[in-house]
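Hi,

Here is the structure I promised to pass on. Have a look at it first, and my notes on the pocket and the ligand follow below.

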Amino acid sequence: MKFFIDTADLDEIRAANDLGVLDGVTTNPSLVAKIVEDPDNFTYEDFKDHIAKICDIVGGPVSAEVTTLTADEMISQGEELASIDENVVVKCPLTLEGLKAMRHLSGNSIRINATLVFSPTQAILAAKAGASYVSPFVGRLDDISTDGMALIEQIVTIYRNYRFTTEVLVASVRHPQHVVEAAIMGADVATIPFKVIEQLAKHPLTDTGLDRFMKDAAVIKNR
Ligand code: G3P
């Protein structure tokens, strides 16, 4: 199972990378907006520079999302984003226009992450369009009283049935239990906010056990 971090914050990316468990990064326009200090002067070149900085930190796939709506515009933007670094994966929304762009870009060896996926039918279309990753947003489904992880189970089953090679990337992860269930279901990737990555390592029995060991270690002299 691969772990991506879901952020555009360079400090968080460095910190997660230093843990040695990071396989890649996903960003989206909302995550980028969070890290922009001067919104009036943040240009498209600045955006591309920021993606390049992320690629310098992490030696794995870095998803950068298109910010256009028509297939032609997504194709041209996708080609530009893909030229930043060989690890850039172009994120396209699962719309009819997005599908056309995905098919074109994947046909030209540009890796695609199909985003804003909320149904099994959208996931089938992403696979058929040649996407390398499909991103179902589990947390946002949970938010509207729909079982987000049930969607992951459906997609994993469908992809296995047809041996689709598109990787299931569990997105909109809100807590460690999403990660546990994704692993049990055999999802390929979870993209996880930094706070949740930290939570994955936490257990109260680890803390109390370590406290006890440190106290008892006092018996060992001259360390
Ligand atoms: O990767 C998609 C993710 O960033 C969406 O998360 O928490 O905004 O639903 P959220």
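The largest pocket has a volume of about 420 Å³. Keep in mind that this is a predicted model. In total, 24 residues line the largest pocket, and those nearest its centre are D6, N28, L31, K34 and P193. Two elements give two or more residues to that lining: α2 (29-35) and α10 (194-201). The largest share comes from α2, with four residues. Sorted by class, the lining of the largest pocket holds nine nonpolar, seven polar and eight charged residues.

So what takes up the space of the largest pocket? The ligand does.

Around the ligand you'll find D6, N28, L31, K91, F137, R140, A171, S172, R174 and T191. By class, that shell has three nonpolar, three polar and four charged residues. D6, N28 and L31 turn up in this shell, and they are also among the residues nearest the centre of the largest pocket.

The side chain of D6 has an N or O atom 2.6 Å from an oxygen atom of the ligand. For S172, a polar side-chain atom sits 2.7 Å from a ligand oxygen. With N28, the distance from a side-chain N or O atom to an oxygen atom of the ligand is 3.1 Å. As for how covered the ligand is, it exposes 310 Å² when taken alone, and the protein buries 81% of that.

If you want a place to begin, go to D6: its side chain contacts the ligand at 2.6 Å, and D6 is one of the residues nearest the centre of the largest pocket.

Cheers

Notes
Residues are numbered from 1 along each chain as its sequence is written. This is a predicted model: local features need pLDDT of at least 70, side-chain atom pairs count only at pLDDT 80 or more; totals for chains, interfaces and linings use all residues. Side-chain values use heavy atoms; hydrogens and water are left out. A residue is near a molecule or strand if one of its heavy atoms lies within 4 Å of it. A polar contact is a pair of N or O atoms within 3.5 Å; within protein, one must be able to donate a hydrogen and the other to accept it, and residues adjacent in sequence count only if both atoms are side-chain atoms. Accessible areas come from the Shrake-Rupley method with a 1.4 Å probe; for residues, only the protein chains shown count as cover. On a 1 Å grid over the protein atoms alone, a cavity is a set of points where a 1.4 Å probe fits but cannot get out, and a pocket is an open set with protein on both sides within 12 Å along at least five of seven lines; lining residues have an atom within 4 Å of a point. A molecule sits in a cavity or pocket if more than half of its atoms lie within 2 Å of its grid points. Ala, Val, Leu, Ile, Met, Phe, Trp, Tyr, Cys and Pro count as nonpolar, Asp, Glu, Lys and Arg as charged, and the others, Gly among them, as polar. Grid points are joined across faces, edges and corners, and a volume is the space filled by probe spheres set on the points.
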